[in-house]
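Colleague: I would like to learn how to read a structure like this one. Could you walk me through a few features?

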Amino acid sequence: MKISVVGTGYVGLVTGVSLSHIGHYVTCIDIDETKVEKMRQGISPIYEPGLEELMKENIQAGRLFFTTSHQEGFRDVDVIYIAVGTPEKEDGSANLSYIEQAVRDIAANITKDIIVVTKSTVPVGTNHYIKELLISLVPKHINVEVVSNPEFLREGSSVYDTFHGDRIVIGADSEEAAKVIEEINKPFGIPIFKTDIKSAEMIKYASNAFLATKISFINEIANICEKLGADVESVARGMGMDKRIGSMFLNAGIGYGGSCFPKDTKALTQIAANLDHNFELLKAVIKVNNHQQRILIDKARERFGSLTGKRIALLGLAFKPNTDDMREAASIVISKELIAEGAKVVAYDPVAVENAKKVLPQEVIYTESIEDALENADMVFILTEWSQIKELDLNIYVQKMKQPIVFDGRNCYSINEVQQYPIEYHSIGRKP
Ligand code: UGA
C-alpha cells in the first residue's frame with residue numbers, strides 16, 4: 001500500500017515508521033523543513049527507545065520517506081493518515097484547527113479516490129465532520145471515505161506497543177474502507193476490533209478516562225492507607241489479582257501527567273457538558289489528580305513547617321520515565337510552588353532537562369548528576385521513577401545531603417531496604 005502520514009509528532013512518526021516496517025510505502029509530511037531534513041537522515045525529533053533504529057532500517061530499505069510538500073506526499077497514495085495535534089483550548093475542549101488545515105491540504109492535492117484515517121484523538125463526531133468538509137472541497141468524481149483508527153501507544157514504549165498492543169480499533173461506516181484498513185494492519189498480528197466511527201472515537205476517550213480513573217482511585221486509597229497504617233502496594237496487589245480489576249495502572253504516586261490523560265479527561269467532561277451531561281465521576285478524577293500532584297509539598301510542609309530558604313533536590317522531571325516529555329508533568333506544579341515559597345530548587349533528569357528549561361521557573365538550577373543535585377540538600381523529592389534513581393546506592397543520600405530526608409513520589413524503594421540506612425523516608429500510601 002502507498003500511504004502518507006500528515007504530522008510527525010509522536011503519534012504520526014511512530015505510525016509512519018511502523019507501517020513502513022510491515023512493508024508499506026510511507027511518506028511522512030511535516031511543514032518544518034529542518035525537522036524533515038533530520039528525519040531523512042534517520043534522526044528522530046522525539047526521544048523514543050528503538051525508533052531511530054527502525055527509521056534508519058526502513059529509510060535504507062526504500063520504504064520510508066519524508067517531505068514538506070503536500071503535493072509530493074499525497075501523490076498516488078491510497079490512504080492518508082491524519083496524526084496532527086489536537087491541543088487543549090482554554091475551556092478544556094480540543095482545538096481542531098490543525099485537523100481542519102490537514103483536511104484542506106488533502107483536498108487541495110489529491111487526484112484520485114482516497115481513504116482518510118484519523119489517528120489523532122478527536123471529539124466524537126469529528127470524523128463525520130472531516131468527511132463532510134472533504135466532500136465539500138474535493139471534485140465530485142473523487143470518492144472519499146473516512147476511518148477512525150485511534151492509537152493506544154504509550155510514550156516511551158510506543159515501538160514495543162506497536163507490535164504488542166492489545167487491540168487495533170477501526171471505526172468505519174463503509175465496510176470496504178474498514179477492510180482496506182484491516183488489511184493494512186494485519187501484519188502487526190494484533191486483534192482487530194471493527195465498529196462504527198462514533199464508537200471508535202469514544203473508545204479512545206473512554207479508555208484514557210478509565211485508566212486515569214484507576215490512577216486517581218488508587219491514589220485516594222493510598223492517602224487513606226497512610227492514615228490507617230496500611231500498605232497501598234499490598235492493597236493494589238491483592239486487588240489486582242481479581243481479573244475483573246487487573247493489576248496494571250494501580251501504582252500510587254504523584255498522579256498522572258503527560259499529553260494524553262490530562263487533556264483527554266478534560267475534553268471528555270467538555271464533550272459531556274456540551275450534551276448537558278455533568279460527568280461528575282470524571283471531574284472528581286481530575287480534582288483528585290490535581291491534588292495528588294502537589295502531595296509531596298503537603299508532606300514536606302507538615303514535616304518542616306515553612307519551606308522558605310530550604311534547598312530542595314528534585315530527582316526526575318519528565319511526566320514518566322523513558323521520555324523527555326514535560327507536558328503536564330507534576331514537576332511543573334511542584335517547582336513553581338516551591339520557588340514561590342522561597343525554596344532553592346536543584347533538579348536532575350537524565351533526558352528531559354532541555355524541555356524542562358522551557359516550562360519550569362527560571363530560578364531552577366539543573367545538574368548533570370544525581371549526586372550534584374543532592375549535594376547539601378535539606379530534602380529530596382523523587383518525581384519520576386527513572387531506573388537511575390531506582391537503582392541508586394542509598395548511601396548517596398546519606399553522604400551527599402545536609403540531612404537525608406527523602407519524599408518519594410513514586411515509591412521507588414522498598415520500605416525494608418530504606419530502613420537499613422539512616423534515611424528519613426516518606427513515600428505514598430505506605431508506612432514510614
Ligand atoms: C497514555 C495511555 O496509556 C496510552 O494507551 C494512550 O495511547 C496515550 O495515553 C495517548 O492517549 O496517546 P502515556 O500518556 O504515554 O499513554 O503514558 P502512561 O504510561 O499511560 O502514563 C500516564 C501517566 O500516568 C504518567 O504520568 C504515569 O506516571 C501515570 N501513572 C501510570 C501512574 O501514576 N500510575 C500508574 O499505575 C500508571
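Modeller: Gladly! A nonpolar core is a set of buried Ala, Val, Leu, Ile, Met, Phe, Trp, Tyr and Cys residues joined through C-beta atoms within 7 Å. A residue is buried if 20 or more other C-beta atoms lie within 10 Å of its own, exposed if 12 or fewer, and partly exposed in between, with C-beta atoms placed from the backbone. This is a predicted model, where local features need pLDDT of at least 70, side-chain atom pairs count only at pLDDT 80 or more, and totals for chains, interfaces and linings use all residues. Residues are numbered from 1 along each chain as its sequence is written.

Colleague: Which residues have the most contacts inside the largest nonpolar core?

Modeller: I80 and V116 do, in a core of 81 residues. Helix α9 (residues 197–228) gives the most to this core, namely 10 residues; helices here are DSSP runs (H or I, at least four residues), as strands are (E, at least two), numbered from the N terminus. A separate second core has 45 residues, including I312 and V346.

Colleague: How do I read two packed helices?

Modeller: They are described by the angle between their axes and the distance between the axes. Axes are lines fitted to C-alpha atoms, for helices over the stretch in contact, and angles run from 0 to 180 degrees between N-to-C directions. Here α9 and helix α12 (residues 280–292) pack at about 55 degrees, with axes 9 Å apart.

Colleague: Is S69 buried, exposed or partly exposed?

Modeller: S69 is partly exposed, because 13 other C-beta atoms lie within 10 Å. S69 sits in the loop between β3 (64–67) and α4 (70–74).
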